[in-house]
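Thanks for coming. I will go through one structure today, a few regions at a time. Please look at the sequence and the model first.

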Amino acid sequence: MRGQEDPHGRTIITRPPTVGRLAARVHDLAARPETWWRLAAFGPVPVTVVLEEADGVRVWLTTWPPGRRDEVHHQVSTLVAGELAEVVITPDGVTERPLRANRVRVHGGGARAFTNPGPAYAVTLCS
């Protein structure tokens, strides 16, 4: 009965994907740069392009110019090129951790920003 209406007349509730599914989606896209790399745009401010939208969830490609720092509100991200650090602000203080290339990071609560400390552009996929 998958894909059909409920035979008992109940309303079918669609739920947003779990963080694990978001991470899997971002990981899968990162493994196929030939499908999205041509969309990367490099400018003086971060450039964000929607790569995919399914189940009400978007995956973005973002390029980060050198020295740029901006707030982010993503649940999941992966760095595919360059250098980025995640800056997290909590009641206990500020923490800065580098993002590792080709590793999917799930972000917790609290205010956070990405900063590009490197001399070149950085590229991320986020959801």
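To start, where is Asn102 found? Asn102 sits in the loop that lies between β6 and β7. Before I go further, please keep in mind that this is a predicted model. As background, most residues other than glycine have a negative phi. Asn102 is also exposed, because its relative accessible area is 58% and the cut-off for exposed is over 50%.

Next, follow the chain into strand β7, which covers residues 104-106 and contains Arg105. Is Arg105 buried or exposed? Arg105 counts as buried, because its relative accessibility is 18% and buried means under 20%. A polar atom of the Arg105 side chain lies 3.1 Å from the backbone oxygen of Pro98. Leaving aside residues up to four places away in sequence, Arg105 touches Gln75, Val76, Ser77, Glu86, Arg97, Pro98 and Leu99.

Now the sheets. Four strands make up an open sheet, in the order β3-β8-β5-β6, with antiparallel pairing. At the edges are β3 and β6, the latter being residues 93-98, and each of these pairs on one side only. On average, neighbouring strands of this sheet are turned by 25 degrees against each other, direction ignored.

We can walk across this sheet in order. Strand β3, residues 69-71, pairs with β8 in the antiparallel sense over three bridges. Here Asp70 is opposite Phe114 in β8. How many of the residues of β8 are buried? Strand β8 spans residues 111-115, and four of its five residues are buried, so that it is mostly covered. On the next step, β8 is joined to β5, residues 85-90, by five bridges, and the two run antiparallel. In this pairing Ala85 stands opposite Thr115 in β8. Finally, β5 and β6 run antiparallel and are joined by six bridges, with Val88 opposite Thr95 in β6.

Let me move to another group of strands. Strand β1, residues 47-54, runs antiparallel to β2, and seven bridges join them. Thr48 has Thr62 in β2 as its bridge partner. Together β1 and β2 form a hairpin with two residues between them. In that turn Asp55 has a positive phi of about 55 degrees. Strand β2 itself, residues 57-64, is mostly covered, with six of its eight residues buried. Strand β2 also runs antiparallel to β9, residues 122-126, and five bridges join these two. Leu61 is opposite Leu125 in β9.

The last topic is aromatic pairs. A search of the whole structure finds three of them. One of them is formed by Phe42 and Tyr121, and it is edge-to-face, at 5.0 Å centre to centre with 75 degrees between the planes. Why does this pair tie together parts that are 79 residues apart in sequence? Because Phe42 lies in the loop between α1, residues 19-30, and β1, whereas Tyr121 lies in the loop between β8 and β9. Phe42 is partly exposed, with a relative accessible area of 45%. Tyr121 also counts as partly exposed, at 31% relative accessibility.

That is the end of my part.

Technical notes:
Residues numbered from 1 in each chain as written. Predicted model: local features only at pLDDT ≥ 70, side-chain atom pairs only at ≥ 80, totals over all residues. Heavy atoms only, no water. Buried < 20%, exposed > 50% of the residue type's maximum accessible area, 1.4 Å probe, protein only. Pairing = 2+ DSSP bridges. Axes fitted to C-alpha atoms, helices over the stretch in contact; angles between N-to-C directions. Polar contact = N/O pair within 3.5 Å; in protein donor to acceptor, adjacent residues only side chain to side chain. Contact = heavy atoms within 4.5 Å. Phe/Tyr/Trp six-rings, centres within 6.5 Å; stacked < 30°, edge-to-face > 60°.
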